[in-house]
Every structure is written in structure tokens, then in C-alpha cells.
Amino acid sequence: MSVKTIAIIHHMHTDFGYTDHPQRAKAEHIRYIDTAVDYVLASGDYPEGARFAWTQEQLYPVREWWAQASEEKKARFFAAVDTGRLEIAGTPFNVTALMSREEWETAMRWIPDDLWDRCRIRSAMQIDVNGMHTAGMIEAYRRGVRNLFIGPNTYYGVPPMPTPAAFLWQLDAEKQMLVWLNASYNNGYFLFNPNWRQGPVPDYSDLRYRPPERGDIWRSDDASLIEAHRLCTEQLAAIEGTAADVAAGATDGFTKNRVFGGYALSTLPVSVTNQWRVDNDPPFYPIVDFVRRWNERGLQPRLVLCTVSQAMDMVRRELGDGIPVYRGEWVDWWANGSAASPMEFSCKREAGRTLRAARSPLFGPMAEQERRTERGILEDLCLYDEHSFGAWQSVSDPYSFPSVSQIAEKNIYVYRALDAARCLLADRARRSAAEEKNAILVSNPTETEMTAFIHLPLNCMRGEYRSVRCAETGAAWPLEEEDGVSNFLRPSDPSEFGPENVSHTFSDKSVKQGVRFGPVTVPAGGRLRLIPDEETAAPPAVQGREYELKTDGDGWPVYLRFAGQSEPVIDGPFGEFFAVHADGFAPRWTFRDIFENDEEKERNALRARHLYEVPAKAEKAQRTDLPGRIFFSQRFSHDSLRFGVRELTVDLLSGRAALEIRIDRRSDFTPEMYFVRFDAPPSDALPTVSNAGVRFCPEKDQLPGSCMDYYAIDGWLRYPGGWLLVCRDNALVGFGIPGAVARKSVTGGPPCRVFARVFDNTWDTNFRGNACGQMRFRFCAAADIPDEEAECTAEALDAEPVVQVKTGYRD
């Protein structure tokens with residue numbers, strides 16, 4: 001056999017939940033650090049290679065442990081670190097593909113700098129998730145991290161190349177990261193042991209189960225060693241490819257990960273977790289006796305207990321200059337799980353843009369306490385992007401305490417972040433306008449000019465006003481009354497309830513509940529001071545741009561082009577809603593069976609046979625012409641929905657279009673995906689997108705073999721001709737075809753077709769199985785946007801003016 005040394009990396013796979021309530025899991029993570037320190041220090045008399053070694057997979061528990069550890073415990077911790085057999089990896093938790101650039105900057109400063117330096121951190125681990133941000137690893141590189149160990153789960157995921165494998169990931173022109181792509185994250189256990197853990201996944205409090213003990217696994221008696229050696233030899237033959245007749249169909253133990261064959265290095269790094277639940281499990285000390293006795297008997301290959309950096313150093317030394325180099329974004333297969341909770345992800349997006357607004361210099365410099373609040377918001381957003389969203393039984397037993405409590409705990413992060421961001425903005429805005437009286441202040445926190453219509457509750461005005469006048473320019477706008485919600489008032493008849501009023505308690509169609517005015521144009525980073533007036537003002541003369549508009553048979557726009565534009569803003573389907581369903585009496589298994597078929601031709605045949613699109617049925621669209629804009633509203637029906645409407649606002653001043661889709665999903669555990677289709681102007685090329693601030697072109701600029709069915713983006717995409725689409729409330733887009741469990745290797749359709757995946761509850765674990773009720777998805781489209789202006793334009797289209805009402809003062 002070519003493998004001469006097996007480097008065993010023992011760690012705990014870190015889930016914030018899944019097996020236990022997140023608070024319990026975190027408490028155990030902290031406790032395991034003490035256990036690992038004890039085991040490292042206790043095994044110093046063992047032979048070299050058999051001494052206990054532990055890699056602390058993630059940083060989050062380290063910070064929590066450090067905050068409560070005594071000086072004596074800290075001294076023992078550093079004594080263990082100094083042995084070289086306790087290593088601290090550099091990321092705070094295993095992450096989804098949805099973190100922003102600011103979140104990554106926050107994540108890579110999770111522990112104090114002096115503690116980071118003292119731990120000599122040089123490797124990161126991403127376990128379970130089968131992808132990683134380029135942006136995150138660039139930030140890690142800046143902190144001194146040079147290795148990435150990734151242990152992908154093939155559950156609804158595919159490694160980008162045969163595993164195990166080593167390669168250099170070219171992050172940018174100057175930075176390279178050595179990557180070890182492991183064959184799952186527990187392959188080392190199954191290399192020597194039969195499956196021990198049986199279902200269910202017992203939680204911490206379940207007294208019927210307990211962690212494995214000495215003699216349960218990693219047995220070191222002679223008979224067990226002989227059997228372990230037989231298992232190891234057979235599996236190495238498959239891994240190396242010397243057993244070609246079985247390698248192609250071989251899988252490893254309980255996880256059923258494919259064994260590819262062809263491994264040629266003399267060192268084989270493997271990872272090992274405990275077998276109580278596999279995830280969130282304590283260190284297992286008896287492994288030292290297994291390794292000691294194996295080596296004493298002269299069994300081959302030689303076994304070495306080591307840390308992740310030590311294993312990767314072995315690989316680096318062996319490969320030398322022969323390490324293959326790959327470039328591109330490592331697109332994650334598991335990002336679609338975020339679409340199972342669209343409301344919460346929308347909250348996350350809103351928290352981010354509200355925080356950006358709160359930082360605006362318009363509101364003065366940030367005080368130290370405000371900086372701490374900002375840090376707390378970013379940490380909560382990071383924690384929402386940790387990869388554990390719910391219990392293992394979140395779909396199969398959705399009303400159980402573990403399922404309900406774990407999803408609730410997860411969602412608290414975004415609810416808390418959004419509330420804190422809103423209050424931070426409010427506090428800063430109030431302080432900056434403390435001396436203002438009898439004015440409405442409209443602020444633009446972005447770096448691009450903003451035009452908006454302002455809507456206000458009538459009772460916030462504290463006076464009888466009929467118009468507002470700009471103190472700087474003298475421009476005036478009449479206040480137009482609007483119908484709206486009348487809280488705590490008894491409705492008089494059913495006509496006061498709109499179709500989206502689900503409770504039928506207070507009217508949402510009461511007359512004279514609000515006022516609106518506009519359009520108001522606010523310069524970049526500027527503020528307008530509007531003075532209320534009791535006199536009526538004439539509507540402003542609004543000179544909109546000339547345009548060509550075409551609609552379909554129901555009156556919905558399918559073509560929109562403004563004079564002077566090189567290409568249209570709308571050129572085909574724009575906001576077309578449909579669902580993808582699967583047949584079968586257990587349709588989640590249909591989706592999964594299709595995904596797990598490795599033969600592309602067979603997989604596509606199964607998709608054609610078992611998946612079907614269910615389009616929405618549109619009513620006639622209603623058009624309303626207003627100063628400076630055209631408004632379209634169209635209700636639609638769908639069997640999955642109680643209600644659906646799409647509203648399009650054509651901005652005649654800026655030459656752009658904004659779409660809002662609102663749906664009310666019926667309570668139903670049936671797995672389905674919702675898509676919203678947009679056709680960009682014809683293009684032979686795919687657009688540029690951005691993930692955590694790093695731009696790339698799908699297909700062309702992604703790691704070969706990574707996910708092409710959908711892409712997690714920062715919220716915008718731009719085609720080479722300048723057409724820009726901004727996705728305000730969702731993050732997943734695909735191109736060419738919808739890509740439902742397609743495992744695409746090519747675009748598969750016209751590159752100009754964009755499919756926003758706004759809902760997806762097809763997972764059978766970890767994510768929510770039945771998000772229902774009202775959901776909102778907003779998009780903006782613009783043409784002729786230069787490449788260098790794409791990000792700032794997208795930020796402006798995603799932002800809203802900050803409006804403060806300070807009227808009604810009586811001198």
C-alpha cells in the first residue's frame with residue numbers, strides 16, 4: 001500500500017444546536033475544552049504519536065471559556081497549547097455562504113488579539129458545510145491563517161473533486177491557502193471501526209443513552225486490533241484504487257460517502273469525532289491506547305495522533321512544489337437552507353442596511369457605546385449565519401420541543417440584530433436633530449442621489465398641514481391623503497378589510513389614515529429640511545423621461561425602455577412567480593433521490609419524470625399613473641398560497657423599475673421551491689455577482705465542481721451590458737434554468753434568464769419544514785450601470801431615506 005502514515009485529527013464537530021438546544025450545546029463546548037486540556041497533559045508519558053492530541057474546531061467556545069476561566073485553568077490551557085497537541089483553529093463557527101464582508105471582518109476578530117497570537121493560530125476548519133467564502137479566507141489569511149481543512153457532508157452536497165485531496169486555493173493575486181478536502185468529517189472512525197452509534201440522535205438530557213466508553217469503540221485488545229487492521233486494509237485498497245473492482249461503488253461506514261480511489265500520497269490525514277451523536281461530542285481518551293498498541297504491534301500503516309496543522313504540514317512537505325492550484329469562488333450547496341425561513345432572512349438583510357444607514361456621517365461621529373452596539377449587531381448576524389438552523393428532527397417532528405425551541409433560538413439572532421440596528425439609527429438621528437423644530441428631515445445615507453415618495457401616518461404630523469416646502473430650494477409638495485390601518489378602532493363593515501388582512505380585527509382600508517408627498521430628490525449623503533405649511537401647494541411639475549412600454553394580454557409590463565438607454569430595463573418576464581413540486585407519496589425523498597443520482601443523464605431523466613412546475617394564475621393588472629411614476633398591481637393565485645400580488649413601480653425620473661411580490665403561504669409541509677423569474681436583455685455571458693464583497697462570474701470564476709444550481713449573493717447582479725438587478729430580501733439566484741436538484745455542470749439555458757429562489761423547504765433536517773404566512777420579496781432593476789458603479793448603485797436601490805418628523809412645536 002502507498003499510505004505509510006495515517007494522521008488522525010481528533011476534534012468535535014461544532015453545531016450550535018442540531019443535537020441539543022443551542023445553549024446546552026454551547027455549554028458543553030466550553031466544558032470540552034477543560035476535558036481536552038486534561039487529556040493532553042495526562043498523556044505526556046505515552047510514546048510519540050500516541051499522545052492525546054485535540055484540535056479545537058471553532059473559536060466561539062474559546063472566547064466563552066476564556067471569559068470564565070480561572071488563572072490556573074488558563075495556565076493549564078497554555079501548557080497544553082505549548083505541547084503542540086492542543087490546537088485552536090481560526091474561525092468562530094462553521095458558516096453558511098451568507099455572511100457579508102463586515103461579518104467576516106467581525107468573525108475573524110472573535111477573540112482578543114493577544115489570545116489569538118498566544119494560540120499561534122494558523123489553520124481554519126470548515127466542517128459539514130461543503131463550500132467556503134473566498135472573502136472569508138482572504139480575511140483569515142490576513143490574520144495569519146495558511147491552511148483550510150474542510151470536511152464536507154455529502155448530504156445534499158457534492159465535493160468539488162474526488163476526496164481526499166490537497167490543493168492550493170488561489171484567493172487573489174498574492175494569497176494562497178493550502179486546502180485539505182477531506183472525505184467527510186468522520187472518515188477516520190470508519191476506517192477502523194464498524195458503526196456504533198444508532199438512532200435516534202439522543203439529546204444531552206436523554207438518560208437512556210450515554211457517550212461511548214472504553215471498550216465500546218477504538219478497542220485495543222488483540223482480537224479487536226486484528227479486525228480493525230482488516231477493515232483499514234480493505235478500505236485503503238479502495239481509497240488507493242488497488243481494489244478497482246469495488247472502489248467505484250464503495251462507501252464508508254455509516255455516512256455512505258463515496259470512495260473515489262486513486263489516492264497516492266504516503267500520508268493520509270483523517271478526522272475523528274466521538275460516536276455519542278457524532279456532532280457536539282466530547283473528546284475520547286481511549287483512542288490513545290488504540291494507537292499505542294497498534295504501533296507497538298507493528299501494524300501498518302503507522303498511526304499518529306496529531307492536530308490539523310501538523311497533518312497539513314505532513315501533506316505540504318510530501319507534495320512540495322507539486323500541489324495543484326485552483327481558483328474561484330467555492331460555491332456552497334447548503335445555502336438553499338436559508339430559503340426555508342424567508343422572513344428571517346429578510347430581517348437579516350434589513351438589519352444590515354439599517355446598520356449601514358446608522359453609520360452615516362449625517363448623524364455625527366459614533367460614540368464608544370454605539371461602536372459596542374454595532375459590534376453586537378454584527379456578532380448576532382454572524383451567529384445567524386452559523387450552519388445549524390434547527391434540530392435534527394426539525395422536519396420529521398416539527399412540533400417537538402427540540403424543533404420549536406432550536407429554530408426560535410436561531411431566529412432570535414436576527415430579530416435582536418434588527419431591533420438593535422433600528423434603535424441605533426433612531427438614537428443617532430434624534431441626537432443629530434435635537435435642535436430642529438417644525439420640520440420634516442429627509443436624509444440620504446448612501447453615496448448616490450436618491451429619489452423617493454414619502455409616506456407618513458397622519459397622526460404623526462401634530463397639526464393641520466396641507467403641504468411641505470423645502471427650506472433649501474423653496475420647492476413645495478402638496479400632502480395627499482391616503483387610506484390605511486386604523487388600529488384599535490372597530491370596523492364598520494367588511495369592505496374595510498383588504499385581502500391581506502388575515503385577522504379581520506382592525507381595518508386596513510380606513511380613510512384619511514396617512515399622507516404622502518413627492519417625488520423628493522435627496523443628494524448623496526445629504527439631508528433636506530422640509531417645512532410644513534397650512535396652505536395648499538400646487539403639485540410640482542414632474543418631467544419624466546420618455547419611454548416605450550409594452551404589456552402582455554393581462555396588462556403586465558414585459559418591455560420597458562427609456563429614451564437614451566442602450567438596452568431595456570424590462571425585456572420579457574419580470575417577476576414571474578412559480579413553484580416546483582415533486583411527485584410521490586413522500587416527495588422529500590423524491591427530491592433527495594434525484595439529487596443523489598451521480599449520473600447526469602439519469603438525473604435529468606428523473607427530474608423530467610418526477611418534478612413539475614406550477615405557475616401562478618394572474619388576474620388583470622391595474623395601472624395607475626402618478627406624478628413621476630407608473631404603478632402596476634396584479635393579483636395572482638396559486639394552490640400553495642392564500643394570497644398573492646405583485647406590484648411594479650416604474651420611476652419615470654430615474655428610468656428604473658421596482659418590483660414587490662407579497663404572498664401568504666398556506667400552512668403545508670409539502671416540500672416545494674418558489675422561484676421568481678426575470679429575463680435580462682439578451683446576453684451570451686453570465687452576470688457578475690458578489691459574495692461578501694468578492695466579485696465573480698458564475699461558472700467562469702468558481703471552483704470547478706462547486707455548486708451551479710444557485711448562488712448566494714450580496715444582493716445584486718450585473719450583466720456585461722449594464723443591466724443591474726437588486727434582490728433586497730433574498731440571496732439565492734440561478735441562471736438558465738431553475739436548477740431544482742439539477743447538480744448542473746453547465747448553465748442549461750439562456751444566460752439572461754435569472755431565477756431568484758425565494759423559498760425552499762425541501763430539506764428533511766436542520767431547516768424549517770413549514771414556514772407559512774405572509775412573505776415579501778422586493779427587487780429593483782436598472783440599465784446602463786457602469787461596472788465600477790454597480791455596488792454603490794445597488795446599495796442606493798436597496799436603501800430607503802431616513803425620515804424624521806419634528807412638526808407641531810408651539811413656541
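# Close-up views

**View A. The buried residues of helix 10 pack against strand 1 (5–10), helix 8 (222–240), strand 10 (267–272) and strand 11 (302–306).** This is a predicted model, in which local features need pLDDT of at least 70, side-chain atom pairs count only at pLDDT 80 or more, and totals for chains, interfaces and linings use all residues. Residues are numbered from 1 along each chain as its sequence is written, and side-chain values use heavy atoms, with hydrogens and water left out. Helix 10 spans residues 287–296. Its buried residues are Ile287, Val288, Asp289, Phe290, Val291 and Trp294. Buried means under 20% relative accessible area (exposed over 50%, partly exposed in between; 1.4 Å probe, protein chains only). Gly298 follows helix 10 and has a positive phi, near 75°. Helices (H or I, at least four residues) and strands (E, at least two) are DSSP runs, numbered from the N terminus.

**View B. Helix 1 (residues 22–42) packs on helix 3 (residues 71–82).** Their axes lie 9 Å apart, at an angle of about 55°. Axes are lines fitted to C-alpha atoms, for helices over the stretch in contact; angles run from 0 to 180 degrees between N-to-C directions. Helix 1 and helix 3 are therefore oblique to each other. (Under 35 degrees is roughly parallel, over 145 roughly antiparallel, 65 to 115 roughly perpendicular, the rest oblique.) Helix 1 passes helix 3 in a left-handed crossing, where the near helix is turned anticlockwise from the far one by less than a right angle (right-handed if clockwise). Helix 1 brings Ile33, Asp34, Val37, Asp38, Val40 and Leu41 to the contact. Helix 3 brings Lys73, Arg76, Phe77, Ala79 and Ala80. Contact means heavy atoms within 4.5 Å. By class, there are seven nonpolar, no polar and four charged residues in this contact. (Ala, Val, Leu, Ile, Met, Phe, Trp, Tyr, Cys and Pro count as nonpolar, Asp, Glu, Lys and Arg as charged, the others, Gly among them, as polar.)

**View C. Helix 15 (residues 587–596) meets helix 16 (residues 600–610).** The two axes come within 8 Å and cross at roughly 160°. Helix 15 and helix 16 are therefore roughly antiparallel to each other. The crossing of helix 15 past helix 16 is left-handed. Thr590, Ile594 and Phe595 make the contact from helix 15. Arg603, Leu606, Arg607 and His610 make it from helix 16. Three of these contact residues are nonpolar, two polar and two charged.

**View D. Arg662 sits in strand 29 (residues 656–665).** At 16% relative accessibility, Arg662 counts as buried. Leaving aside its neighbours within four places in sequence, Arg662 touches Glu500, Phe643, Gly644, Val645, Glu647, Met775 and Arg776. Arg778 is 116 residues from Arg662 in sequence, yet the C-alpha to C-alpha distance is 8.7 Å.

**View E. Ser184 lies in the loop between strand 7 (176–181) and helix 7 (187–190).** Ser184 has 5% relative accessibility and counts as buried. The C-alpha atoms of Ser184 and Ile127 are 8.2 Å apart. Along the chain, 57 residues separate the two.

**View F. The protein chain holds 17 helices and 39 strands.** Its radius of gyration is 29 Å, close to the 28 Å of the globule rule for 811 residues, so the chain is as compact as a globular protein of that length. (The radius is taken over C-alpha atoms; the rule is 2.2 Å times the number of residues to the power 0.38.) The C-alpha trace spans about 100 × 60 × 55 Å along its principal axes. Of the 811 residues, 59% count as buried. Among contacts between residues at least 6 apart in sequence, 76% join residues at least 24 apart.
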